[in-house]
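Open the model in your viewer and keep the sequence panel beside it. This tour goes from selection to selection.

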Amino acid sequence: MADRPQGPVGVGAAATVPVPPVVMTRRRWSLPRVGAYKQALFILLLIVLSILFVYPFLWLISASLKPQGEVFDNRLIPNTIVDPWYDNFSEVLDRAPVATWFFNSVWISGLGALLVTFTSAMVAFAFAYFQFPGRTILFAIVLGTMMLPNAVTMIPTYLIWTRIGDFTEAHSFLPHIGVNTQYPLWVPNMFGSAFYIFLQRQFFLGIPRQLFEAARIDGDSYWTMFWRIAVPLAKPALIVTFIFEIQAKWFDLITPLIYLTEDKLFTLPLGIKVLLDRYGVGGGGEGEWNIIVAGTVILVVPMVIIFALFQRYFVSGITTQGGKG
Amino acid sequence: MTRARRWLSGFGKRETWAAYLFLVPWIFGFLALTAGPMIISLYLSFTNYGLEQIAGIEPTKRVGLEHYHELANDDKITLALKNTFVYTLMMVPGTMIVALALAMVLMRISKALGDVFRTVFYLPQITPPVAVGVLILTLFNGSFGLVNRGLEFIGIQGPFWTTDPSWIKPALAIMSIWAVGGTMVIYLAALAGVPKHLYEAAEVDGASAWRRFKDVTLPMISPALFFTFIVLTIAGLQTFTEAYTAFFGPGTGGAENPDAALFYAIYLFREAFVNFHMGYAAAMSWLLFAIIMVITLFQVFVSRRFVFYQGQR
Amino acid sequence: MLRRWKQAAFLAALAALVATVFGGATGIASARTEDRTASKHFRIMGFGPGDEIANVRADLATEALARADADVQNPSGGFDDQKFLAALASRDVPDIVYMDRKKIGSYAARGVLVPLNSCIKNQKLKMSQYRKVSVASVTYKGRIYGIPEFTNPITIIAVNSVLRDAGVKPADLNTRNWAKLRTAAKKMYKSSDGKVTRIGFDPKLPEFFPLWAKSLGLNLLSKNGLRASLNHPKAIQALTYANQLIKDQGGFDRFNAFKQSWDFFGNKNQVDQAQVGAWPQESWYYAVLARTTKAELTAVPFRNKAGGQITYLQGNAWAIPKGSKLQGLACTWARVVTAPGSWYKAVKVRFDNQRRLGRPFTGTFTANRTADVKIFEDLYQSFGSKAYDNAVRLLVNVQKYGFEQPASPAGAEYYQAMQDAINRMLSGKQTPRAALNQAQREAQTAINKAKK
């Protein structure tokens, strides 16, 4: 990627020295390493804490392997494991279209996360880089949208979607977008989201101005500056956004609850709730908690995997390399 | 030029139009999907909007400031606000400190182990809130829960976390801090972006670890600190799910919904969807909005001196 | 090279997006699919596929509707207030809803449900087959708004081993004699090291407070749902007594902490482990016990001060929301689904399945008197335990002495006020009298504001 000569970069240094764009290297750790003794101490501390953090998870997994009568027996290592060990899981898959729900969730979460990352980045860049009239007011409005609890806006929003649905039904060349479809679940992600806009703005603001100045001098367009400089340098923030939104969408219950009425469109958390209604005690069910726990494990494990896969990307900081090597 | 004229002249510049072009997605979404409901909910707070009006059985009538008067006289509002503030005051600093400490420790150990621990510490973030609610009741059980058994081990008689009104909020705050993974991840990303040569320069200058932390790390990650400070506060003031599942949900049998856990968002939810006082709930929402706005402005003002951006003009 | 990869990825994403919006490419984003052969589409909310007892009856009703040229949409999931509100707001209501009877009162009193009187007449629906109190709990101002299902009657479950160990007889658990009950509770109570290790008698506060009040002859909410009597002297008396039981047994903190540690649904539940002497419980728990433990128990009826049996009933019902376009069909559905013949067929399937799996059947209580009798006489067979046989017989018989929460425009607020008051008292913040005074104020204000 380094097709331009290197040069010194200084934070806060006056931009008198023509500063070239950055050399991108993958640096894992910015803080100095510490001696082996201290490391061992840290690791010990982390292990102790980890037990606390991991316990509920282990509990969930262990419970999903147990038979109905032992789910809550508080033993981390199951007394009896169902035979075959995946029996609870195959029961769940048998009794409800869990695979369909899983796929729906993958689709909606993935698409929604991709959309919101991209659009929030655009908006965040505008707030971070440009100076323009109305910047402060608009940013205040962006923040403001985070401050209103969404209980009350739920019904008016639902009504808007009903109108949209009526409109698209009246004009049959348009696909049906409205309530009882999955569109209301991910379309709002096409417009950025206050939380991520704010987050990414912070990171964009951390990019030294000189890099942009040099690009302007070289005649780059705004879009190129955004796409070629800001985005790669703020990649940690973008990946964080992507992962956070995948999870938020994945676990969201209330939106699918009010917009979806057809079983085959349901997402996974809604599906788990259905299982809870059916097999928990409330609905006259028999308290088949082992099925519900197995469903919960299916819900949770993909998120663990996603995080495990992506996490190294947002800590591999991209640093600017100084002339003193 | 007058200020207004100067402000307007900004629209002549190419930069302004470019900026607005970048903003188009958000502006469109705001006008289409966000502004409408916000304005409608504000309007509803001045009406008698309730179940009959939702179903179209009776017309919506304006009632002026009646709901806001009610707010001022409602004891439960005062209780809910107090609970929410106390909880937020415990949760925000606690989360920020623990997250930063964890992030810094994680940065200093070897890469492979770091990956594992990072995932481990992030796990609570992806535990479904429903499970968290159940966990709160199990772990914090006054007689038999792990927390108190652990405390007993070191000779402390733990309180009855789930039934003693003075200890419910600390228990919930601790559960929140346990879900520190998200904040930790943001700090990790921020720490990774601190230019290494600054540390080297500081070491060369003979600065101690504490001074390196205070003068290099903190300023360089201050944008992230600022962000989490604001966002955690807003989240804390709107906290709902864990407390609702543990103390108010349908599965609790009613024996555990004490006043001490009545957070503002829970009271709001109940008024809107259980008692169908939509107009009143709308008024409650906007009261909370105003409070959050004031607090956030205060935070922004106070942080102005401490936040340092490398790229700001 | 990296650049080109990124470009390709971006274009691919864009293409996928376009394809989705305009192609409904995978068919996932498309809207309702309906059986295009039927002319009418009947929509249910709040029921969904479930166990044999639900599905068999639903199938029978679906057939009945098919004969009227209608297909049935029965999406999964229980009833949700938010979902129902959203449907009402968009004027796109389902044709029939299934919800808790306590909720029906509130919705009906606010005019959101359709009175069933005309449909009952048209379809010649025999209301006398249903339990009077269950119908009464969904009747407001003389109009019926629901067809009931299930009663879940409450009886006291006593654990024989604990009674024996403490020298207590089932007759001592007669709630007619409070002093004797208190003594029995204290005898069965055990604690060690500052923790409760065995509860003698759990009065189940706050859930069953109405039952305690009723044992003194008091209705906490008037039959027309408009007057609360939460701070009536008898209510205060009942609450004080129940609270006293808890105070005798470790105080609320310890009492509750111990209760929470039970493996309620599991094999090592509190009956199996002799962790409790006796407590009032809904009927469905007998099925859990029969499946999980061999410990012996005795079913004891709750009694009032005159010595007569009483019980508290609750369950679900079918109702028709205002704006439903297929009200006649809705009525047909409700009629078929709760007919004695349907109940019988459904319970028979369940019974056979349970027997095949080697599991005991402990009765189903349907809110339909005719069905209950038929099920008990023709279907129920002893699985070898006299204790359970007696329990089932008691459950069948005690229902006629049951009562339910009446329909009220502010039913939810009334219930919340009562719960909050009892919780405040339990946590020591208020005396029973002060707590109930506040509850009465809150509940009555809410009712007055909501009634028309």
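**Stop 1: a loop serine**

Select C:Ser229. Leaving out residues up to four places away in sequence, C:Ser229 touches C:Leu218, C:Asn219, C:Leu220, C:Ala235 and C:Gln440. Contact here means heavy atoms within 4.5 Å. C:Ser229 sits in the loop between α9 (209–215) and α10 (233–248) of chain C. Helices (H or I, at least four residues) and strands (E, at least two) are DSSP runs, numbered from the N terminus.

Is C:Ser229 buried or exposed? C:Ser229 is buried, at a relative accessible area of 16%. Buried means under 20% relative accessible area, exposed over 50%, and partly exposed in between, with a 1.4 Å probe and protein chains only. C:Ser229 and C:Gln444 are 215 residues apart in sequence but 8.7 Å apart in space, C-alpha to C-alpha.

**Ground rules**

This is a predicted model: local features need pLDDT of at least 70, side-chain atom pairs count only at pLDDT 80 or more, and totals for chains, interfaces and linings use all residues. Residues are numbered from 1 along each chain as its sequence is written, chains are lettered from A and ligands numbered from 1 in the order in which they are written, and side-chain values use heavy atoms, with hydrogens and water left out.

**Stop 2: the whole chain**

Zoom out to chain C. Chain C has 18 helices and 15 strands. Its C-alpha atoms fill a box of roughly 75 × 70 × 55 Å along the principal axes. Of the 452 residues in chain C, 59% are buried. Take the contacts between residues at least 6 apart in sequence: 77% of them join residues at least 24 apart.

Colour by charge. Chain C carries 66 positive and 34 negative side chains, and the centres of the two sets lie 6 Å apart. Lys and Arg count as positive, Asp and Glu as negative; His and the chain ends are not counted. Each charge is placed at NZ of Lys, CZ of Arg, CG of Asp or CD of Glu.

**Stop 3: a sheet with β7 in it**

Select β7 (residues 154–159) of chain C. Six of the six residues of β7(C) are buried. Now show the sheet around this strand. The sheet is open, with five strands in the order β8-β9-β10-β7-β11 (chain C) and mixed pairing. Strands pair if DSSP finds at least two bridges between them. Which strands stand at the edges? They are β8 (190–192) and β11 of chain C; each has a single partner strand, so one side of each is left without a neighbour in the sheet. The twist averages 30 degrees from one strand to the next.

Helix α16 (residues 386–398) of chain C packs on this sheet, touching β7 and β11 of chain C. Its direction makes about 15 degrees with that of β11(C). Axes are lines fitted to C-alpha atoms, for helices over the stretch in contact, and angles run from 0 to 180 degrees between N-to-C directions.

Step through the pairs:

- β7(C) and β10 (residues 276–282) of chain C run antiparallel, joined by five bridges. C:Thr155 stands opposite C:Gln281.
- β7(C) and β11 (residues 297–300) of chain C also run antiparallel, with four bridges. C:Val159 has C:Leu297 as its bridge partner.
- β9 (residues 195–201) of chain C runs parallel to β10(C), with two bridges. C:Phe201 is partnered by C:Ala278.

**Stop 4**

Select β1 (40–45) of chain C. The strand order here is β2-β1-β3-β14-β6 (chain C), an open sheet of five strands with mixed pairing. β2 (70–73) and β6 (147–149) of chain C are at the edges with a single partner strand each, so one side of each lacks a neighbour in the sheet. Neighbouring strands are turned by 20 degrees against each other on average, direction ignored.

Pick β3 (residues 96–100) and β14 (residues 316–319) of chain C. They pair in the antiparallel sense over four bridges. C:Asp100 stands opposite C:Asn316.

**Stop 5**

Select C:Ser106, in helix α4 (residues 101–109) of chain C. C:Ser106 is buried, at 8% relative accessibility. Beyond four places in sequence, its contacts are C:Ser408, C:Pro409, C:Ala410, C:Gly411 and C:Ala412.

Finish at C:Ser39, in the loop between α1 (2–23) and β1 of chain C. C:Ser39 is partly exposed, with a relative accessible area of 49%. C:Glu404 is 365 residues away along the chain, and the two C-alpha atoms are separated by 40 Å.
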